[in-house]
Amino acid sequence: MGVILGAEIYTPKSMNIKRNIIFTLESRKKDGVLIVENVPIRMRVNFASERIEFTTGYRIDAAKWDADKQRVKNGCSNKLKQSASEINASLLEYYTEIQSIFKRFEVEDVMPTPKQIKEAFNALHKPVSEEPKPKKEALPCDFFQVFDDFVEDCGRQNNWTDSTFEKFAAVKNHLTNFREGLTFEFFDERGLNDYVGYLRDVKEMRNTTIGKQLSFLKWFLRWAFKKGVHQNNAYDSYKPKLKSTQKKIIFLTWDELNRLREFKIPSNKQALERVRDVFLFQCFTGLRYSDVFNLRRSDIKGDHIEVTTVKTSDSLIIELNNHSKAILDKYKDVAFEDDKVLPVITNQKMNDYLKELAELAGIDEPVRQTYYRGNERIDEVTPKYALLGTHAGRRTFICNALALGIPPQVVMKWTGHSDYKAMKPYIDIADDIKANAMSKFNQL
């Protein structure tokens with residue numbers, strides 16, 4: 001209540017609690033080395049010589065974090081494909097909630113304890129709670145109905161492609177075959193171990209494939225956790241050791257590319273000619289199958305093509321060379337459906353035809369691939385033609401462009417690669433090609 005002093009009304013001021021709210025990456029080390037990938041984002045609150053820390057439920061690579069702004073850098077995303085705008089919006093929400101809590105105590109003229117701040121915050125945003133809570137019985141829910149809701153929600157929000165929907169349909173199929181009557185509570189450490197064992201022993205998946213399937217499941221469990229569907233966050237700390245090796249990049253050397261291009265296709269196999277032309281166009285432009293499939297005549301701009309990629313929505317300008325121009329000229333007077341530029345068939349059929357074409361052309365160099373299933377190392381030797389697919393065209397373009405001495409940053413402009421890390425395996429291959437080429441001088 002205000003007190004009248006002379007002609008003025010005096011109202012006692014509310015308490016002012018000095019506080020500092022910051023967002024920072026958790027400092028973790030492994031074998032004495034600071035971890036810089038997939039690092040948890042923490043919210044730290046300092047007041048009255050006290051410090052409280054909260055998890056935010058988000059992770060990000062250190063290189064994608066702006067320490068000054070305490071936010072994820074614009075245009076970046078984490079391993080779960082959560083965008084900077086999504087993560088930063090949540091961080092701002094947490095900041096606003098904490099400020100509101102402090103203002104409430106200020107109005108009540110009460111200096112809160114750290115426990116009171118935690119309890120008030122957890123009441124607003126229970127998934128962020130640091131304090132271990134007694135397990136509550138989960139509300140009855142259909143595990144797979146929630147999975148369908150997750151696919152629909154994330155698919156719409158992230159504009160999934162058909163291939164991504166197919167991946168999660170496969171995930172659902174694996175889970176359905178794994179165990180009847182699945183619940184969210186089942187996936188504690190033991191349940192997750194059982195699922196990994198099922199993928200390894202029953203489905204006979206490689207460790208790299210198991211890792212992908214596990215990441216898809218974690219994405220779903222995390223989404224459902226944030227929605228308040230369940231309280232089991234065991235997935236967050238579950239990190240099984242899955243031995244793996246770097247996947248071998250399958251591409252055609254310059255000699256193999258010329259062999260394929262100059263091969264005389266048998267008269268009874270003329271359907272292979274169009275498949276070869278489309279694949280060669282990929283080899284000389286670096287386009288993915290999906291982008292060649294969608295290429296329209298309106299995308300051809302004289303000496304270059306302009307495309308917005310299907311997979312990443314990147315806007316690319318790719319100059320044409322004599323080889324890619326010749327293929328376009330071959331079909332310039334042929335009318336295709338939807339005004340397409342090239343006679344592109346389905347990806348599956350093209351992959352089958354490519355293997356057949358490469359086998360006929362004698363591209364049969366033995367390729368050894370090494371992978372792990374559990375702790376078992378497995379070496380397989382396969383003729384190269386059996387490993388070819390449409391994506392080998394893009395890889396062939398990158399490897400040969402780098403081997404020709406074209407700078408990586410220029411190649412990245414053509415392919416749409418956003419970081420050097422993705423290009424490094426190709427650069428290593430190009431270095432090997434150049435080293436082998438230099439040894440030819442020893443034969444003179």
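R222 sits in helix α6, which covers residues 207-226; helices here are DSSP runs of H or I with at least four residues, strands are runs of E with at least two, and both are numbered from the N terminus. R222 is buried, with a relative accessible area of 11%. Buried means under 20% relative accessible area, exposed means over 50%, and partly exposed lies in between, with a 1.4 Å probe and protein chains only. Apart from its neighbours within four places in sequence, R222 is in contact with G57, L80, Y235 and D236; contact means heavy atoms within 4.5 Å.

This is a predicted model, in which local features need pLDDT of at least 70 and side-chain atom pairs count only at pLDDT 80 or more, while totals for chains, interfaces and linings use all residues. Residues are numbered from 1 along each chain as its sequence is written, and side-chain values use heavy atoms, with hydrogens and water left out.

## The sheet β3-β6-β7

Three strands form an open sheet in the order β3-β6-β7, with antiparallel pairing. Because β3 (19-25) and β7 (50-60) stand at the edges with a single partner strand each, one side of each has no neighbour in the sheet. Neighbouring strands of this sheet are turned by 20 degrees against each other on average, direction ignored. Axes are lines fitted to C-alpha atoms, for helices over the stretch in contact, and angles run from 0 to 180 degrees between N-to-C directions.

Strand β6 (residues 39-47) is joined to β7 by eight bridges, and the two run antiparallel. Two strands count as paired if DSSP finds at least two bridges between them. The bridge partner of R42 in β7 is T55. Helix α2 packs on the sheet and touches β6 and β7, and its direction makes about 30 degrees with that of β7.

## Helix α12

Helix α12 (residues 391-403) has 13 residues and reaches 19 Å from its first C-alpha to its last, close to the expected 18 Å at 1.5 Å a residue. The expected span is 1.5 Å times one less than the number of residues. The helix is mostly covered, with eleven of its 13 residues buried. Among the buried residues of α12 are R394, R395, F397 and N400. Just after α12, G405 takes a positive phi of about 95 degrees.

## Positive phi in two loops

D109 lies in the loop between α1 (84-107) and α2 (114-124). Its phi is near 60 degrees, a positive value in a residue other than glycine. D109 is partly exposed, with a relative accessible area of 49%. S313, in the loop between β11 (304-308) and β12 (315-319), also is not a glycine and has a positive phi of about 60 degrees.

## The whole chain

The secondary structure of the protein chain comes to 14 helices and 14 strands. Its radius of gyration is 28 Å, well over the 22 Å that the globule rule gives for 444 residues, so the chain is more spread out than a compact globule. The radius is taken over C-alpha atoms, and the rule is 2.2 Å times the number of residues to the power 0.38. Along its principal axes the C-alpha trace spans about 105 × 55 × 50 Å.

Buried residues make up 41% of the 444 residues. Of the contacts with a separation of 6 or more, 59% are between residues 24 or more positions apart.
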